[in-house]
Structure formats: structure tokens, C-alpha cells
Amino acid sequence: MSSKQSAYGTPTSDTFGGKSWDREEYAQKAKEDEAKRREEGKARYEAKLLGKKWHAPVDYGSLEATTSRRERLDVASMVGKTTIVSAANAVGKRGRGAGFYCSDCDLTFKDNLQLVEHLNSKQHLIATGQSGEVTRATVEDVRQRLRMLAHQKRMREEEERRVWQLDLGERLKEREEQISKEREEKRRKRNEKRRKGGDNIKQEDSWEGRLGIIA
């Protein structure tokens, strides 16, 4: 960048507050970009003559080994939903359009099968920093994996046992409440029956007294 300073001593602005640019630096950068584009165009042309598809060079040393997917692929969350997208956003598969979108590769796919194939493709793996090579597991790795699976199984069994115990306690509590309600209903009916029986006896005694009947 230019070493010129403004009246306020700022090296990145001129007197009018505008940002100053180093013309030589950006001219050199433009030359490098142009040379890179020409080299890439030449490589594409040579690959086309040989009937091959050109791919950008990749530094596989900086990529990590491919591992299994840790999260379940969600392809059903958008079912039944309507998404409004601009027609100019996507050209072919490139860009975000209507369908399943991959943000890492900026591609849109019309169905989940194409999406799954893309997620397993070398293009997507390289874009996400994976080499596509799988590291061979050692004996210790297998043992650790088995220990982890056994631990997860124990945790699931304990959780299921705890839920079952809670459900059993709730069922017993509901049964006790139901028995209590049934007893209360029987007690109410019995008291009501006794009360009706006492009223009938009193009514018969009153009629016998009026008629002069002596038992």
C-alpha cells in the first residue's frame, strides 16, 4: 500500500478522506490473476483434446481422511413446504434454487438421490476438506469403538429402565386413584340407598297413624 499520509496522519486516506491505492501492487496482482487464468484455460483445452475432464489441482496433503457421517441426513424436513426463489439465482445446478441445496459446493439438486450421490462424490469431499481416503483402523481403534458402543448400549438400557420405572409408578398411581374413586362412588350409592330406605319407613308410619292402624 502507499506510504502517503493525510493531513490527519492516516496512511490509508488522502486529504479528502478517500482511500489511496498502490497502483503497482494491484497491477502486479492483476498480472498474476491473468497468468493464472491463461494457464487454467490452456490446461482445460489440453484436457478437452484428450477427451478428459479438467479438475483444479488439489493439495491432498492438507486434506483430512474421510470419516463416516456423524449426523443423520435430513431429507424430509422440506416435504410439504413451499419455498420462493428467484429464477436468476440458479443456472442449471449452480446456485441456490428450488430443491436440495449444498452450501459447500453452491449446487442445487432436484431430488434426494442426486443429493446423496453428490455428498459421497469426490467433489463434495474435497470441498469439505476430506481426501476421500479412509484411514485403516488399528486393533486399538477397534477396541475403543467396541467400548464406546458398549457404553452407549448401557446408557440406552439405563434410560429405558428409568422410563419404564417412571411409567410403572404412574400406572400404579392412576390405578390407586381409580380404586379410590370406585370406593367413593360405592359409598355414595350405599348412603343414598340407606337414606331412601329411612324415608320410606317414616312415610309408612305416618300413613298408618292417620288410618288408626296399630301394629
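Thr108 is buried, with a relative accessible area of 4%; buried denotes under 20% relative accessible area, exposed over 50%, and partly exposed the range in between, using a 1.4 Å probe and protein chains only. The model is a predicted one, in which local features need pLDDT of at least 70 and side-chain atom pairs count only at pLDDT 80 or more, while totals for chains, interfaces and linings use all residues. Residues are numbered from 1 along each chain as its sequence is written, and side-chain values use heavy atoms, with hydrogens and water left out.

Thr108 is placed in strand β2; helices (H or I, at least four residues) and strands (E, at least two) are DSSP runs numbered from the N terminus. Apart from residues up to four places away in sequence, Thr108 touches Lys93, Gly95, Arg96, Gly97, Ala98, Gly99, Phe100 and Tyr101, where contact means heavy atoms within 4.5 Å. Arg94 belongs to the loop between α1 and β1 (100-102) and is partly exposed at 46% relative accessibility. Although Arg94 and Thr108 are 14 residues apart along the chain, their C-alpha atoms are separated by 6.5 Å.

## Overall architecture

The protein has 4 helices and 2 strands, and from the N terminus on its elements follow the order α-β-β-α-α-α. Of its 215 residues, 10% are buried. Among contacts with a separation of 6 or more, 30% are between residues 24 or more positions apart.

The accessible surface amounts to about 19,500 Å², and carbon and sulfur atoms account for 52% of this area.

## The nonpolar core and the annotated domain

The largest nonpolar core consists of 6 residues: Cys102, Cys105, Leu107, Phe109, Leu115 and Leu119. The elements contributing two or more residues to this core are β2 (107-109) and α2 (112-119). A nonpolar core is defined as a set of buried Ala, Val, Leu, Ile, Met, Phe, Trp, Tyr and Cys residues joined through side-chain atoms within 4.5 Å. In soluble globular proteins, nonpolar side chains tend to be buried together.

UniProt, in an unreviewed entry, places the feature "domain: C2H2-type" at residues 102-124; its positions are given in the numbering used here, feature names are shortened, and annotations may be inferred rather than shown by experiment. Over residues 102-124 the chain is 48% helix and 17% strand, with the end C-alpha atoms 9 Å apart. Cys102 is in contact with Leu107, Phe109, His118 and His124, leaving aside its neighbours within four places in sequence. Asp106 is found in the loop between β1 and β2. This residue is not a glycine, yet Asp106 has a positive phi of about 55°; Asp106 is also partly exposed, with a relative accessible area of 29%.

## Salt bridges

The count of salt bridges is 6, each being a side-chain nitrogen of Lys or Arg within 4 Å of a carboxyl oxygen of Asp or Glu. Side chains of opposite charge can pair when their charged atoms come close. Glu34 forms a salt bridge with Arg38, their closest N and O atoms lying 3.4 Å apart. The two residues are separated by about one helical turn because Glu34 and Arg38 are 4 residues apart in helix α1 (residues 23-49). Glu34 is partly exposed, at 32% relative accessible area, whereas Arg38 is exposed at 61%. Glu34, Arg37 and Arg38 are linked in a network of salt bridges.

In helix α4 (residues 139-211), Glu185 and Arg188 are 3 residues apart and therefore separated by about one helical turn. Their salt bridge brings the closest N and O atoms to 2.5 Å. Glu185 is partly exposed at 33% relative accessibility, as is Arg188 at 43%. Another salt bridge joins the side chains of Arg147 and Glu140, at 3.8 Å from N to O; Glu140 is partly exposed at 36% relative accessibility.

## A nonpolar surface patch

Val142, Leu146, Met148 and Leu149 make a nonpolar surface patch of about 330 Å². Patches comprise residues with over 30% relative accessible area and no salt bridge: like charges are joined within 9 Å, and nonpolar side chains (Val, Leu, Ile, Met, Phe, Trp, Tyr) within 5 Å. Met148 lies in helix α4 and is partly exposed, with a relative accessible area of 34%.

Key
Accessible areas come from the Shrake-Rupley method with a 1.4 Å probe; for residues, only the protein chains shown count as cover.
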